[in-house]
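The sequence and the model come first.

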Amino acid sequence: MSRTPARDYTVPKTFALAGISNMVSGTITNPIDVVKVRMQCDNQRKGIYQRSYPGLVRGAIKIVRAEGLHVLLTAGLLPSLFREASYSTIRMGGYEPVKRLISPNNDVLPLNKKILAGATSGAIGAFFTTPFDLAKVRLQTDLERKLPNTFVLLYRIGRDEGILRGLWRGVGPNIGRGTFTTAAQIPSYDHS
(Lines give C-alpha, C1' and ligand atoms only; values in the text may rest on other atoms or scores of the structure.)
Protein backbone atom coordinates (compact mmCIF):
# COMPACT_ATOMS: atom_id res chain seq x y z
CA MET A 1 0.00 0.00 0.00
CA SER A 2 1.52 3.32 -1.03
CA ARG A 3 1.40 6.23 1.34
CA THR A 4 0.49 9.70 0.28
CA PRO A 5 3.43 11.98 0.99
CA ALA A 6 2.85 14.53 3.71
CA ARG A 7 2.10 18.01 2.47
CA ASP A 8 4.85 20.54 2.91
CA TYR A 9 3.16 23.64 4.21
CA THR A 10 5.95 26.12 4.37
CA VAL A 11 5.13 29.45 5.96
CA PRO A 12 5.45 31.56 2.77
CA LYS A 13 3.32 29.12 0.80
CA THR A 14 0.66 29.04 3.52
CA PHE A 15 0.58 32.83 3.73
CA ALA A 16 0.35 33.19 -0.06
CA LEU A 17 -2.42 30.62 -0.49
CA ALA A 18 -4.41 32.15 2.38
CA GLY A 19 -4.24 35.62 0.85
CA ILE A 20 -4.91 34.61 -2.76
CA SER A 21 -7.87 32.35 -1.99
CA ASN A 22 -9.56 35.03 0.07
CA MET A 23 -8.88 37.71 -2.56
CA VAL A 24 -10.70 35.57 -5.13
CA SER A 25 -13.59 35.12 -2.72
CA GLY A 26 -13.65 38.85 -1.97
CA THR A 27 -13.81 39.68 -5.67
CA ILE A 28 -16.73 37.31 -6.24
CA THR A 29 -18.72 38.53 -3.22
CA ASN A 30 -17.98 42.26 -3.62
CA PRO A 31 -21.29 43.05 -5.40
CA ILE A 32 -23.20 41.46 -2.51
CA ASP A 33 -21.10 43.45 -0.05
CA VAL A 34 -21.83 46.70 -1.91
CA VAL A 35 -25.59 46.13 -1.63
CA LYS A 36 -25.26 45.02 2.02
CA VAL A 37 -23.33 48.14 3.02
CA ARG A 38 -25.78 50.39 1.15
CA MET A 39 -28.69 48.68 2.93
CA GLN A 40 -26.96 49.12 6.30
CA CYS A 41 -26.34 52.81 5.65
CA ASP A 42 -29.81 53.44 4.23
CA ASN A 43 -31.70 56.36 5.80
CA GLN A 44 -28.50 58.12 6.84
CA ARG A 45 -28.31 60.52 3.93
CA LYS A 46 -29.84 64.01 3.98
CA GLY A 47 -32.82 63.21 6.19
CA ILE A 48 -34.24 60.59 3.84
CA TYR A 49 -36.25 58.12 5.90
CA GLN A 50 -37.32 55.61 3.33
CA ARG A 51 -35.62 52.45 2.24
CA SER A 52 -33.64 52.99 -0.92
CA TYR A 53 -32.33 49.43 -1.10
CA PRO A 54 -35.24 47.10 -0.27
CA GLY A 55 -33.33 43.86 -0.67
CA LEU A 56 -30.36 42.21 -2.32
CA VAL A 57 -31.75 41.74 -5.82
CA ARG A 58 -33.75 44.98 -6.03
CA GLY A 59 -30.87 46.86 -4.42
CA ALA A 60 -28.42 45.51 -7.00
CA ILE A 61 -30.79 46.41 -9.83
CA LYS A 62 -31.20 49.94 -8.46
CA ILE A 63 -27.42 50.43 -8.23
CA VAL A 64 -26.88 49.16 -11.78
CA ARG A 65 -29.65 51.37 -13.22
CA ALA A 66 -28.60 54.51 -11.33
CA GLU A 67 -24.82 54.16 -11.28
CA GLY A 68 -23.85 51.41 -13.69
CA LEU A 69 -22.75 47.80 -13.46
CA HIS A 70 -19.14 48.86 -12.86
CA VAL A 71 -20.15 50.44 -9.52
CA LEU A 72 -21.80 47.24 -8.33
CA LEU A 73 -18.75 45.22 -9.33
CA THR A 74 -15.95 47.57 -8.28
CA ALA A 75 -17.09 49.94 -5.49
CA GLY A 76 -14.71 49.30 -2.62
CA LEU A 77 -13.07 46.39 -4.42
CA LEU A 78 -9.48 47.62 -4.22
CA PRO A 79 -9.45 48.17 -0.44
CA SER A 80 -11.33 44.90 -0.07
CA LEU A 81 -8.57 43.12 -1.99
CA PHE A 82 -5.88 44.82 0.09
CA ARG A 83 -7.76 43.86 3.22
CA GLU A 84 -8.06 40.22 2.15
CA ALA A 85 -4.45 40.12 0.97
CA SER A 86 -3.33 41.25 4.40
CA TYR A 87 -6.05 40.17 6.87
CA SER A 88 -6.58 36.67 5.54
CA THR A 89 -2.88 36.22 4.99
CA ILE A 90 -2.17 37.15 8.60
CA ARG A 91 -5.03 35.30 10.24
CA MET A 92 -4.84 32.10 8.19
CA GLY A 93 -1.14 32.11 7.39
CA GLY A 94 -0.23 33.16 10.91
CA TYR A 95 -2.23 30.42 12.61
CA GLU A 96 0.43 27.71 12.29
CA PRO A 97 3.34 29.92 13.42
CA VAL A 98 1.31 31.03 16.46
CA LYS A 99 0.58 27.36 17.22
CA ARG A 100 4.32 26.68 17.10
CA LEU A 101 4.92 29.56 19.51
CA ILE A 102 2.40 28.04 21.91
CA SER A 103 3.94 24.59 21.54
CA PRO A 104 7.57 24.83 20.35
CA ASN A 105 8.03 21.06 20.63
CA ASN A 106 5.29 20.44 18.04
CA ASP A 107 3.17 18.67 20.63
CA VAL A 108 -0.38 17.85 19.68
CA LEU A 109 -2.33 20.84 20.89
CA PRO A 110 -5.65 20.53 22.66
CA LEU A 111 -8.57 22.44 21.17
CA ASN A 112 -8.39 25.29 23.70
CA LYS A 113 -4.81 26.11 22.68
CA LYS A 114 -5.75 25.95 18.99
CA ILE A 115 -8.57 28.38 19.75
CA LEU A 116 -6.03 30.66 21.44
CA ALA A 117 -3.80 30.50 18.35
CA GLY A 118 -6.76 31.30 16.08
CA ALA A 119 -7.91 34.16 18.29
CA THR A 120 -4.40 35.61 18.34
CA SER A 121 -3.83 35.47 14.59
CA GLY A 122 -7.35 36.85 13.96
CA ALA A 123 -6.84 39.77 16.34
CA ILE A 124 -3.47 40.68 14.81
CA GLY A 125 -4.88 40.51 11.28
CA ALA A 126 -7.91 42.63 12.18
CA PHE A 127 -5.80 45.29 13.88
CA PHE A 128 -3.50 45.84 10.92
CA THR A 129 -6.26 45.86 8.30
CA THR A 130 -8.78 48.19 9.95
CA PRO A 131 -7.84 51.12 7.65
CA PHE A 132 -8.73 49.02 4.59
CA ASP A 133 -12.12 48.15 6.10
CA LEU A 134 -12.77 51.84 6.67
CA ALA A 135 -11.78 52.76 3.11
CA LYS A 136 -13.90 49.95 1.67
CA VAL A 137 -17.05 51.07 3.47
CA ARG A 138 -16.54 54.71 2.58
CA LEU A 139 -15.99 53.91 -1.10
CA GLN A 140 -19.02 51.59 -1.18
CA THR A 141 -21.28 54.30 0.26
CA ASP A 142 -19.93 57.13 -1.93
CA LEU A 143 -23.01 57.68 -4.08
CA GLU A 144 -21.69 60.81 -5.80
CA ARG A 145 -18.33 59.21 -6.58
CA LYS A 146 -16.48 62.11 -4.97
CA LEU A 147 -13.94 60.05 -3.07
CA PRO A 148 -10.52 59.44 -4.62
CA ASN A 149 -8.74 56.14 -4.98
CA THR A 150 -7.95 53.96 -1.99
CA PHE A 151 -4.51 55.33 -1.16
CA VAL A 152 -5.43 59.00 -1.53
CA LEU A 153 -8.51 58.34 0.62
CA LEU A 154 -6.40 56.67 3.32
CA TYR A 155 -3.92 59.55 3.23
CA ARG A 156 -6.73 62.12 3.58
CA ILE A 157 -8.37 60.24 6.44
CA GLY A 158 -5.04 60.09 8.27
CA ARG A 159 -4.35 63.76 7.59
CA ASP A 160 -7.84 65.12 8.34
CA GLU A 161 -9.13 62.75 11.01
CA GLY A 162 -5.92 61.47 12.55
CA ILE A 163 -4.01 58.24 12.42
CA LEU A 164 -5.57 56.50 15.40
CA ARG A 165 -8.94 58.29 15.55
CA GLY A 166 -9.34 58.29 11.79
CA LEU A 167 -7.67 55.31 10.16
CA TRP A 168 -8.26 52.98 13.09
CA ARG A 169 -11.88 54.02 13.69
CA GLY A 170 -13.78 50.87 14.61
CA VAL A 171 -10.64 48.90 15.50
CA GLY A 172 -12.18 47.47 18.70
CA PRO A 173 -15.21 45.84 17.05
CA ASN A 174 -13.02 44.83 14.13
CA ILE A 175 -10.60 43.01 16.45
CA GLY A 176 -13.55 41.40 18.25
CA ARG A 177 -14.97 40.10 14.99
CA GLY A 178 -11.57 38.90 13.75
CA THR A 179 -10.75 37.25 17.06
CA PHE A 180 -13.98 35.31 17.42
CA THR A 181 -14.34 34.44 13.74
CA THR A 182 -10.83 33.07 13.42
CA ALA A 183 -10.97 31.34 16.82
CA ALA A 184 -14.08 29.49 15.67
CA GLN A 185 -13.20 28.76 12.05
CA ILE A 186 -9.60 27.68 11.79
CA PRO A 187 -9.15 25.66 15.00
CA SER A 188 -12.39 23.73 14.46
CA TYR A 189 -11.24 22.77 10.98
CA ASP A 190 -7.74 21.97 12.26
CA HIS A 191 -9.03 19.89 15.16
CA SER A 192 -11.41 17.72 13.12
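Asp-133 counts as buried, at 11% relative accessibility; buried means under 20% relative accessible area, exposed over 50%, and partly exposed in between, with a 1.4 Å probe and protein chains only. The place of Asp-133 is in helix α6. Helices (H or I, at least four residues) and strands (E, at least two) are DSSP runs, numbered from the N terminus. Apart from neighbours within four places in sequence, Asp-133 is in contact with Arg-83, Asn-174 and Arg-177, where contact means heavy atoms within 4.5 Å. Asp-133 also belongs to a network of salt bridges that links it with Arg-83, Glu-84 and Arg-177. A salt bridge is a side-chain nitrogen of Lys or Arg within 4 Å of a carboxyl oxygen of Asp or Glu.

The model is predicted: local features need pLDDT of at least 70, side-chain atom pairs count only at pLDDT 80 or more, and totals for chains, interfaces and linings use all residues. Residues are numbered from 1 along each chain as its sequence is written, and side-chain values use heavy atoms, with hydrogens and water left out.

**The chain as a whole**

The protein chain has nine helices and zero strands. The C-alpha trace spans about 65 × 45 × 25 Å along its principal axes. Of the 192 residues, 41% count as buried. Among contacts with a separation of 6 or more, 70% are between residues 24 or more positions apart.

**Salt bridges**

The count comes to 12 salt bridges.

| Pair | N to O distance |
|---|---|
| Asp-33 and Lys-36 | 3.0 Å |
| Arg-38 and Glu-67 | 2.8 Å |
| Asp-190 and Lys-114 | 3.9 Å |

Asp-33 and Lys-36 are three residues apart in helix α1 (residues 11-40), so about one helical turn separates them. Asp-33 is buried, with a relative accessible area of 13%, whereas Lys-36 is partly exposed at 39% relative accessibility.

The salt bridge between Arg-38 and Glu-67 links distant parts of the chain: Arg-38 is in helix α1 and Glu-67 in helix α2 (residues 56-67), 29 residues apart. Both residues of this pair, Arg-38 and Glu-67, are buried.

The side chains of Asp-190 and Lys-114 also meet in a salt bridge. This pair links distant parts of the chain too, with Asp-190 in helix α9 (residues 171-191) and Lys-114 in helix α6, 76 residues apart. Asp-190 is partly exposed at 25% relative accessibility, while Lys-114 is buried, with a relative accessible area of 8%.

**Helix α5 against helix α6**

Lys-114 is also one of the α6 residues that meet α5. The axes of α5 (residues 95-102) and α6 (residues 111-140) come within 9 Å and cross at roughly 130 degrees. α5 is therefore oblique to α6. Axes are lines fitted to C-alpha atoms, for helices over the stretch in contact, and angles run from 0 to 180 degrees between N-to-C directions. Angles under 35 degrees count as roughly parallel, over 145 as roughly antiparallel, 65 to 115 as roughly perpendicular and the rest as oblique.

On the α5 side, Tyr-95, Val-98, Lys-99 and Ile-102 take part; their partners in α6 are Lys-113, Lys-114, Leu-116, Ala-117, Gly-118, Thr-120 and Ser-121. The residues of this contact divide into five nonpolar, three polar and three charged. Ala, Val, Leu, Ile, Met, Phe, Trp, Tyr, Cys and Pro count as nonpolar, Asp, Glu, Lys and Arg as charged, and the others, Gly among them, as polar.
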